[in-house]
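Please look over the sequence and structure first.

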Amino acid sequence: MRIDIITCLPRLLDSPFSDSILRRAQQKGLVEVNIHDLRKYSTDKHQRIDDYAFGGGAGMVMMIEPIANCIRDLQSQRTYDEVIYMSPDGEQFTQSMANQLSLYKNIIILCGHYKGVDERVRQHFITREISIGDYVLSGGELAAAVVSDAIIRLQPGVLSDETSALTDSFQDDLVAPPVYTRPADFEGMKVPDILLSGHEKKIEDWRFNQAVERTKSRRPNLLK
Ligand code: ADE
């Protein structure tokens, strides 16, 4: 899978992809992440990518030309399944959306800034708008990193134990059950006996019941 991220602050996206699982996924060739600096696509001699809003008001608006140039340049090289715009007023990001996006071959993610992008970009170039939650970030970069992370870890071969993504919270509309590791007794705080029993079927049932109980108490909205 290939992810092309368009941003006016490329350095913000240096670190999320340069460590641990996301870095290894790229090294193994399971995913290719390309960060594009929007200023390089500016038609202006000062490399401007934003301007005042028509009609007045505070805040700058990202101009259509550099964005159109960048998206068209990418689209001339390959076909994209989706051109995503990160925005607080987009569709709320969920695990099922991550599952769906993870099946695509090529996606573009555009990061917004300032007062956002010229509306004509959203109308004519964007196929999907995604929000990572009901709060406003200073730009779409961190949101793009969140979405990319959720997608990349689902690519086959990225997680060492392939089943582990399937047992994540939300994959069955349930949150994950509690987990424990050594020591079995820390200052009298004990690990549930069942987990030490070696009885696989009983452990699996216990985990499922714990996940259901946790979902009921913490996230009842997930239960159908
Ligand atoms: N840009 C700013 N805030 C955002 C959010 N909550 N989700 C996605 N993109 C954003």
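In which sense do E5 and E6 pair, and over how many bridges? E5 and E6 pair in the parallel sense, over 5 bridges. Two strands pair if DSSP finds at least two bridges between them. Helices (H or I, at least four residues) and strands (E, at least two) are DSSP runs, numbered from the N terminus.

This is a predicted model: local features need pLDDT of at least 70, side-chain atom pairs count only at pLDDT 80 or more, and totals for chains, interfaces and linings use all residues. Residues are numbered from 1 along each chain as its sequence is written, and side-chain values use heavy atoms, without hydrogens and water.

E1 also runs parallel to E6, joined by 5 bridges. Isoleucine 108 in E6 is the bridge partner of aspartate 4. Valine 83 stands opposite isoleucine 108 as well.

In E6, 6 of the 6 residues are buried, so the strand is largely enclosed by the rest of the structure. Buried means under 20% relative accessible area, exposed over 50%, partly exposed in between (1.4 Å probe, protein chains only). Asn106, Ile108 and Leu110 cover one side; Ile107, Ile109 and Cys111 lie on the other.

Buried residues of H2 include Cys70 and Leu74. H7 buries Ile203, Trp206, Ala211, Val212 and Thr215.
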